[in-house]
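Dear colleague,

Please open it first and then read on.

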Amino acid sequence: MPGKDGGGWIVTMAPGIGGAFVGGYVGKFIGLGHATGVNIGSIITATLGAFIILFIYNRFIR
C-alpha cells in the first residue's frame with residue numbers, strides 16, 4: 001500500500017501476509033478457486049486480500 005507507515009516494514013508485512021491468507025480463503029469461499037501454488041489466480045486473490053487487510057489496518061487501527 002502506498003503511503004507512510006509508522007511501524008516500518010515488519011508491521012506492514014505482517015498484516016500483508018495475513019491478508020494474503022484471508023484473500024485465499026475468501027477467494028475459495030466465493031468460488032474463485034483454490035489458492036494453490038504460484039499461479040495468476042492465487043497471486044491476484046492474495047494481493048487483493050492483503051490490500052483489504054492493510055486498508056483496514058491503516059484506516060481503523062492506526
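**What was found**

Thr 45 is found in helix α2. Please keep in mind throughout that the model is a predicted one. With a relative accessible area of 13%, Thr 45 is buried, because a residue counts as buried when that value is under 20%. Although Thr 45 and Tyr 25 are 20 residues apart along the chain, their C-alpha atoms are separated by 8.9 Å.

A second residue to look at is Val 26, which lies in helix α1. Val 26 and Ala 46 are 20 residues apart in sequence, and from C-alpha to C-alpha they are 9.5 Å apart in space.

The protein has 62 residues, of which 18% count as buried. If you take the contacts between residues at least 6 apart in sequence, 69% of them join residues at least 24 apart.

How do the axes of the two helices, α1 and α2, cross? The axes of α1, which covers residues 8-29, and α2, which covers residues 40-61, come within 6 Å and cross at roughly 130°. That angle is why α1 is described as oblique to α2. The crossing of α1 and α2 is, moreover, right-handed. On the α1 side, the residues that make the contact include Val 11, Thr 12, Pro 15 and Gly 16, while on the α2 side they include Thr 45, Ala 46, Gly 49 and Tyr 57. Sorted by class, this contact of α1 with α2 has eight nonpolar and seven polar residues, and no charged residues.

Looking at α1 by itself, you will find that it has 22 residues and reaches 32 Å from its first C-alpha to its last, which is close to the 32 Å expected at 1.5 Å a residue. Which residues of α1 are buried? They are Pro 15, Gly 16, Gly 19, Gly 23, Gly 24 and Gly 27, and what covers the buried residues of α1 includes α2. When you compare the spacing of such positions, remember that an α-helix has 3.6 residues a turn, so residues three or four places apart point the same way. Just after α1, Gly 31 takes a positive phi of about 95°.

Note on methods
Residues are numbered from 1 along each chain as its sequence is written. This is a predicted model: local features need pLDDT of at least 70, side-chain atom pairs count only at pLDDT 80 or more; totals for chains, interfaces and linings use all residues. Side-chain values use heavy atoms; hydrogens and water are left out. Axes are lines fitted to C-alpha atoms, for helices over the stretch in contact, and angles run from 0 to 180 degrees between N-to-C directions. Helices (H or I, at least four residues) and strands (E, at least two) are DSSP runs, numbered from the N terminus. Angles under 35 degrees count as roughly parallel, over 145 as roughly antiparallel, 65 to 115 as roughly perpendicular and the rest as oblique. A crossing is left-handed if the near helix is turned anticlockwise from the far one by less than a right angle, and right-handed if clockwise. Contact means heavy atoms within 4.5 Å. Ala, Val, Leu, Ile, Met, Phe, Trp, Tyr, Cys and Pro count as nonpolar, Asp, Glu, Lys and Arg as charged, and the others, Gly among them, as polar. The expected span of a helix is 1.5 Å times one less than its number of residues. Buried means under 20% relative accessible area, exposed over 50%, partly exposed in between (1.4 Å probe, protein chains only).
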